[in-house]
Amino acid sequence: MDIPTLPSKVPGYDLYIDGFHALRRPKLLQGSNITHVVSVIDWKFQNVWAALRGFQHLHIPLDDVYDSNILSYFPRSNAFIHDGLKHSRPSQSTNPQEAVTKDGSLTPIAGGILVHCAMGVSRSATIVIAYLLWHSRQTTTIRQPSGDPSSESPEMVSLPPTPLSVDSALRLVRECRPQVEPNSGFIKQLRMYEAMGCPTTQQELESHKIYRRWMNSREVMDALSNNHAPEMAHISFRDEEDEEDEDAFQPRPLDSLADKVEALDLSNPEGDDPTEITNPDITLSSPAPATPLPANLEIKCRKCRRLLAKSAFILPHKPPPHRDPSAKQSDDPCAHVFLHPLSWMRTTLSQGGLDGRLTCPTQWCGANIGKFAWQGLRCSCGGWVTPGFGLAKGKVDEVRVSGKKAEPGSEEGNANRRQGYASAVRLPPSMKKGASNGNL
Ligand SMILES: [Zn+2]
Ligand SMILES: [Zn+2]
């Protein structure tokens, strides 16, 4: 016999998380004023299943696996949860009895939400965290149900002072339920949702570039798992997307602060890691990108000088984590520079090969400049990049273009720059002049 335990209540919300067993005790749920139930489980609920009688019910049929698309349900689950919570009363002033009518069903005023899956660990927690992310981004001027539409008076809703991040929302949920652990694919989808600014509607979500890229990359992975090259329609050519959106997708500090970030070597362990944003294209390889690249790099064909890629199209990678730490790291262990798919590769990729050569798109040149493999390339540093579009560093030139807010000393050669950065870890020369009062 299992001991009846109350579902875990998220601090500050009438929002509960539990496993499937919670449904076996509908009286207990009603006692907690729960009126709405979200079932995140791939299970066929009977419409008139007794345990759910009297509850508003949202069913999300989903398995707890890495590649389940739980993200696509966030707008629906958020709306459902929000609707339920809108009517909720402060829990301390609620008498459970008065919420239950004579026939055992619940009046719609007192709202608490139970989100359950099988164990209350991954799926249900993901749905709850998505709601917390979305909710913490809404303004406090929520229209009151009975309010005059012309009055903009803010409702008395206590919102967190700052938008929650995935990590802070996860911490909050673990306060009431320490075992919460969304699977890694769900965490990635939560981070994408956060990076998108938590779209409210299905339409906003599905039209968002990050979402579309991710869906494309799922299609690509689907094709690859069947040993097919992906269809052209599912390939996102980065250079064909407009620049404004591109900025929105780039981790901020790589833009204006790129040089300083590089100078400081990104080694601050507690600071927000700007490389943390999940790249939806990288589905198989290590999710954490390597050191950010300078923002002003151009890759050119060594033979004909054609521009092949700018910094934004370069895909950072890093060697595998379990390398022998005593091994001397050479300055640049990578023989290749990896790119996102770019439109000049279209002709090559449209031939449908799973792998092959990349040649310079200049017709008279046609130099053999690298290779691609949809199922991944291994760099000489040991890191995998999937899919891999690698240009051989011996066949291309990496050029730093000056002009865009060049820092003093930025026109020096690579070796000098490298040296400059080494000393800049303590105090970048550019800052030494401007801020001589030791602000660093
Ligand atoms: Zn060329
Ligand atoms: Zn490498």
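This is a predicted model: local features need pLDDT of at least 70, side-chain atom pairs count only at pLDDT 80 or more; totals for chains, interfaces and linings use all residues.
Student: What makes up the chain in terms of helices and strands?
Tutor: There are 13 helices and 14 strands. Of its 440 residues, 32% are buried.

Student: Why is Ser 168 called partly exposed?
Tutor: Ser 168 has 16 other C-beta atoms within 10 Å. A buried residue needs 20 or more, and an exposed one has 12 or fewer. The value 16 lies in between, so Ser 168 counts as partly exposed. This serine sits in helix 5.

Student: Which residues of helix 5 are buried?
Tutor: In helix 5 (residues 166-176), they are Val 166, Ala 169, Leu 170, Leu 172 and Val 173.

Student: How do you know that the buried residues line one face of helix 5?
Tutor: Looking down the axis of helix 5, the buried residues fall within an arc of 160 degrees, so they line one face. They pack against strand 2, helix 4 and helix 6 (184-195).

Student: Why is Asn 227 called exposed?
Tutor: Asn 227 has 9 other C-beta atoms within 10 Å. The cut-off for exposed is 12 or fewer, so Asn 227 is exposed. Asn 227 belongs to the loop between helix 8 (209-225) and helix 9 (243-249). Its phi is near 65 degrees, a positive value in a residue other than glycine.

Student: What makes Arg 305 partly exposed?
Tutor: Arg 305 has 13 C-beta neighbours inside 10 Å. Arg 305 lies in the loop between strand 6 and strand 7, and its phi, near 70 degrees, is positive although the residue is not glycine.

Student: How do you know that strand 6 and strand 7 pair?
Tutor: Pairing needs at least two bridges, and strand 6 (residues 297-301) and strand 7 have three, in the antiparallel sense. In one of the pairs, Glu 298 has Lys 310 in strand 7 as its bridge partner.

Student: What sheet do these strands belong to?
Tutor: They belong to an open sheet of three strands in the order 7-6-14, with antiparallel pairing. Strand 7 (307-310) and strand 14 (396-400) are the edge strands, each pairing on one side only. The twist averages 25 degrees from one strand to the next.

Student: What makes strand 1 and strand 4 edge strands in the five-stranded sheet?
Tutor: That open sheet has the order 1-2-5-3-4 and mixed pairing. Strand 1 (8-9) and strand 4 (56-60) each have a single partner strand, so one side of each is left without a neighbour in the sheet.

Student: How many bridges join strand 2 to strand 5?
Tutor: Four bridges join strand 2 (residues 15-18) to strand 5 (residues 112-116), and the two run parallel. Tyr 16 has Leu 114 in strand 5 as its bridge partner, and Asp 18 stands opposite His 116.

Student: Which way do the residues of strand 2 point?
Tutor: Leu 15 and Ile 17 point one way, while Tyr 16 and Asp 18 point the other way; all are buried.

Student: How do you know that the span of helix 2 is close to the expected one?
Tutor: Helix 2 has 13 residues and reaches 17 Å from first C-alpha to last, against the 18 Å expected at 1.5 Å a residue. Among its buried residues are Phe 74, Phe 80 and Ile 81.

Student: Which residues touch the most other members of the largest nonpolar core?
Tutor: Of its 52 residues, they are Val 38, Val 128, Ile 129, Leu 133 and Val 173. Helix 4 (residues 123-135) gives the largest share of this core, nine residues. The residues that Val 38 touches include Leu 58, Phe 80 and Ile 113.

Student: What makes the bond between Thr 386 and Pro 387 stand apart as cis?
Tutor: Its omega is about -15 degrees, and the peptide bond is cis. Pro 387 is in the loop between strand 12 (384-385) and strand 13 (388-392).

Terms used: Residues are numbered from 1 along each chain as its sequence is written. Chains are lettered from A and ligands numbered from 1 in the order in which they are written. The expected span of a helix is 1.5 Å times one less than its number of residues. A nonpolar core is a set of buried Ala, Val, Leu, Ile, Met, Phe, Trp, Tyr and Cys residues joined through C-beta atoms within 7 Å. Two residues are in contact if their C-beta atoms, placed from the backbone, lie within 7 Å. The arc is that of the directions from the helix axis to the C-beta atoms. Axes are lines fitted to C-alpha atoms, for helices over the stretch in contact, and angles run from 0 to 180 degrees between N-to-C directions. Lists of a residue's contacts leave out its neighbours within four places in sequence.
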